[in-house]
There are 2 protein chains.
Amino acid sequence: MSAFPDLPEATIARLPEYLRALHNLGEGGADTISSEGLAAAAGVNSAKLRKDLSHLGSYGTRGVGYDVTLLIEQIEYVLGLDQRRAVCLVGLGNLGHALAGYDGFASRGFKIVALFDADEAKVGEQIQGLVVRHIEELGRVAVEENIAIGVIATPARAAQAVADVLVDAGVTSILNFAPCVLSVPANVDVRKVDLAIELQILSFHEHRKASLTALPGGRSAAAAGNQEAVGS
Amino acid sequence: MSAFPDLPEATIARLPEYLRALHNLGEGGADTISSEGLAAAAGVNSAKLRKDLSHLGSYGTRGVGYDVTLLIEQIEYVLGLDQRRAVCLVGLGNLGHALAGYDGFASRGFKIVALFDADEAKVGEQIQGLVVRHIEELGRVAVEENIAIGVIATPARAAQAVADVLVDAGVTSILNFAPCVLSVPANVDVRKVDLAIELQILSFHEHRKASLTALPGGRSAAAAGNQEAVGS
DNA sequence: TCCTGTGAAATCATTCACAGCC
DNA sequence: GGCTGTGAATGATTTCACAGGA
């Protein structure tokens, strides 16, 4: 079927956030929501939200707002969430265990269908109803189960080899939790999550804030109220 | 001491990646590295790397490259990693357990000094040498231990209340794993990691790729080589 | 010659502000 | 009157391309 116009990458990254907000609002009983209201629920400003949604087409009603159900369907369609993609998870250390048990996957359009590890001691273990298989089966199983997305939660030194196997098995999307850069062909998408990097970015801002407290009324330890504003 | 020039946010977000690459290169025995080489190790292009580093000052040598040790020190200084910040972790479900055991924190300038949970059954449990405390102690302990960064790994419904307590205790940086938007005062930085969102972004690209396979030589299931190129 | 540091150009993203529709 | 959709303006980021130091 027809492809998509070239949605800006920044817009794509925000659509899942809008979707989550819409689900919340829907459960709260709202049929319709203004750009202002949805923007607040998603933590962005309303102009940005309207611009983002306008890229998908015209699904709002002037003077009224957006139909919650319709907009959910639209965004899910664009993100391709109507087709419950098969995901495999490689590496069942602490993090892998947590990911295997994370219910946010199942509830948002994904299904973990296979687990792999290189450690013989882990192979055979049962986690969330799935048996851990040896990594040598990865190539075969990935093809059999039609796996679309591979999640890598191995140590950094193993990650590239795992990525190579995934790519050879035809997987074209990888979510990488290992702290390293992966080399893959251009048709494969890699996204990376590095927990320590997030902390380091926060550390920078702490450092900067600390180097400013010398100046004006140094806020002691306690901020009262509860305003808005969220760090980028 | 003196603050920083206004480093672009995009640059800040890449510095930790350069740092990791530099540590790898250093362990590999390199004393000096060109922008081209470091860029490859960090997965960016060399022009961007040079521009980023030029914001920190002039730490390279024309015709030669960057001194690995010096550059590591510089970046660590800018990120404020020389002062081993105290971190607390709230919420010890699956993900919390994994985070408590994540050695990437200790090895990159952070120290988890306290764990909290609201569940009486978890309070008292010992994890990685720390005892889980009841969340009611959070405010007091955060002040006592001079906690700089709070990590929230609770369910979404609890996250805002936890954030409020952290803020009241003077914590000005929060890393939020709960899938919700937090409201905090403007002086508090929040960064968010949402695992399901990352998958949804990959899903979009899968969807788009699928809607294109109809056209040219539809690649069957298997890509051979191992070129470069990493998805954004 | 090799490689950094950097203005200038090009691209991408956000915000403004208002016309047009309900 | 309220609210979306969108050009136009602004701002941020990336990329180019090359001057200039080692």
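How many nonpolar, polar and charged residues does the surface near DNA strand D have? The residues there divide into eight nonpolar, eleven polar and eight charged. Here Ala, Val, Leu, Ile, Met, Phe, Trp, Tyr, Cys and Pro count as nonpolar, Asp, Glu, Lys and Arg as charged, and the others, Gly among them, as polar.

This is a predicted model, in which local features need pLDDT of at least 70, side-chain atom pairs count only at pLDDT 80 or more, and totals for chains, interfaces and linings use all residues. Residues are numbered from 1 along each chain as its sequence is written, while chains are lettered from A and ligands numbered from 1 in the order in which they are written.

Select DNA strand D first. It is surrounded by 27 residues, the closest being Ser35(A), Gly60(A), Gly63(A), Pro8(B) and Gly63(B); a residue is near a strand if its C-beta atom, placed from the backbone, lies within 6 Å of it. Next, colour α2 (35-42), α3, β2 (60-61) and β3 (65-67) of chain A, together with α1 (9-27) and α3 of chain B, which each give two or more residues to this surface. Helices (H or I, at least four residues) and strands (E, at least two) are DSSP runs, numbered from the N terminus. The largest share, five residues, comes from α3(A).

Now select DNA strand C. Of the 27 residues around DNA strand C, the nearest are Pro8(A), Arg62(A), Gly63(A), Gly60(B) and Gly63(B). On this surface α3(B) provides the largest share, five residues.

Finally, select domain 1 (9-79) and domain 2 (84-195) of chain A, whose bounds come from an automatic or database domain assignment. Their centres, taken over C-alpha atoms, are separated by 31 Å.
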